[in-house]
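Work through the exercises below with the sequence and the model in view. Try each task before reading its solution.

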Amino acid sequence: LIGKLFRQKWKLRFAWKGGKPEQVDWLGQKNQFDLAKEVGTKHVIVVGTMTGTEKDSFLNSIGEGDGDKIVMWKRKAEVYLVNLCKAGELSYTIIHA
C-alpha cells in the first residue's frame, strides 16, 4: 500500500531472529512428532498454512535465501506426520488456516 502511494515497488524482505524456517517449521515439528509417538500420544493436531501445497506461495518468496521457503518446510513437516501416522498408532488432524 505504501509503495503504491509513493509509486514505488516494495518487496517484503526480512531476516530471521533465532531459527530459520528449516529449523523451526521442519526440524522443530519433526522432533515434536517423533516425541509424541515415543511417549504414546494418540492424536496430533497441527495448524498449518492454507498455501501448504502451493510452491509459488508468497510466503516462499520472503526471507534471505533458499532455506527460507516457509511453506515448503511446513509442508515437509505435514508429509512427515502423515507418513509417521501411516506407520503406527498415531493419528493426526491438519488444519490449514
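**Exercise 1.** How many salt bridges does the structure hold?

*Solution.* The model is a predicted one, in which local features need pLDDT of at least 70 and side-chain atom pairs count only at pLDDT 80 or more, while totals for chains, interfaces and linings use all residues. Residues are numbered from 1 along each chain as its sequence is written, and side-chain values use heavy atoms, with hydrogens and water left out.
Step 1: apply the criterion, a side-chain nitrogen of Lys or Arg within 4 Å of a carboxyl oxygen of Asp or Glu.
Step 2: count the pairs; the structure holds three salt bridges.

**Exercise 2.** Find the salt-bridge partner of Lys74 and say which helices the pair links.

*Solution.* Helices here are DSSP runs of H or I with at least four residues, strands are runs of E with at least two, and both are numbered from the N terminus.
Step 1: the partner is Asp25, with 3.0 Å between the closest N and O atoms.
Step 2: Lys74 belongs to helix 3 (residues 70-86) and Asp25 to helix 2 (residues 21-38), so the pair, 49 residues apart, links distant parts of the chain.
Step 3: Asp25 counts as buried because its relative accessibility is 11% (buried is under 20% relative accessible area, exposed over 50%, partly exposed in between, with a 1.4 Å probe and protein chains only).

**Exercise 3.** Describe the salt bridges of Asp34 with Lys30 and of Arg75 with Glu78.

*Solution.* Step 1: Asp34 and Lys30 meet at 3.0 Å, N to O. Both are in helix 2, and because they are four residues apart, about one helical turn separates them.
Step 2: Asp34 is partly exposed at 24%, and Lys30 is partly exposed at 22%.
Step 3: in the other pair, the closest N and O atoms of Arg75 and Glu78 are 3.0 Å apart. These two residues lie three apart in helix 3, about one turn.
Step 4: Arg75 is partly exposed at 30%, whereas Glu78 is buried at 3%.
Step 5: an α-helix has 3.6 residues a turn, so residues three or four places apart point the same way.

**Exercise 4.** Which residues of helix 2 are buried, and what covers them?

*Solution.* Step 1: the buried residues are Pro21, Asp25, Trp26, Gln29, Phe33 and Ala36.
Step 2: their cover includes strand 1 (43-48) and helix 3, where contact means heavy atoms within 4.5 Å.
Step 3: after helix 2 comes Gly40, with a positive phi near 90°.
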